[in-house]
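Reader: Please take a close look at the surroundings of the ligand. Which residues come nearest, and what lies around them?

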Amino acid sequence: MFLTLGLVRGRGAGGASTDPTGTGSIIDRGGSRMRSWRDQAKCRGLDPEIFFPDPEIEEDADEAIAICMECRVQEACLENAIARREKDGVWGGATVKERRRIIRRRRRSA
Ligand code: SF4
């Protein structure tokens, strides 16, 4: 899908733990730029429609979530979506509703 979500929608990365620069790149301890986490996306090359299910039908997200659960950059993807307040689609294995829940939980515990 990267085609995936970020590139299709023209958005950059922002997962704080893996992407401090906001460029979508993973920086190693020495500061050299490594492959973008997007390059490691499990959804790369897949039909983006899979990741934009009908939000009213929970099971519609099952296929996307299953793919995300096997994705090695799931955490970075989820944090990016949360940071950007993505309003639709499955990112990092979480639907819009699930991301809202995560945000509310974090606010309560902050
Ligand atoms: S977690 Fe899901 S949406 Fe994010 S990069 Fe991986 S497969 Fe794609």
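Author: Ala41, Cys43, Cys68, Cys71 and Cys77 come nearest to the ligand, out of the 16 residues around it. This is a predicted model. By type, the shell around the ligand holds eleven nonpolar residues, four polar ones and one charged one. Two helices each supply at least two residues of that shell: H2, residues 62–69, and H3, residues 74–83.

Now the link between those helices. Arg72 sits in the loop between H2 and H3. Arg72 has 11 C-beta neighbours inside 10 Å, so it counts as exposed; the cut-off for exposed is 12 or fewer. Along the chain, Arg72 and Lys42 are 30 residues apart. Their C-alpha atoms are separated by 7.4 Å.

Next, the chain as a whole. It has four helices and two strands. Their order along the sequence is α-β-β-α-α-α. Of its 110 residues, 35% count as buried. Take the contacts between residues at least 6 apart in sequence: 52% of them join residues at least 24 apart.

Last, helix H4, residues 96–109. Among its 14 residues, the number buried is one, so H4 lies largely in the open. At 1.5 Å a residue, H4 should span 20 Å, because the expected span counts one less than the number of residues. The end C-alpha atoms of H4 are 20 Å apart, which agrees.

Notes:
Residues numbered from 1 in each chain as written. Predicted model: local features only at pLDDT ≥ 70, side-chain atom pairs only at ≥ 80, totals over all residues. Near = placed C-beta within 6 Å. Nonpolar A, V, L, I, M, F, W, Y, C, P; charged D, E, K, R; others polar. Buried ≥ 20, exposed ≤ 12 C-beta atoms within 10 Å, placed from the backbone. Contact = placed C-beta atoms within 7 Å.
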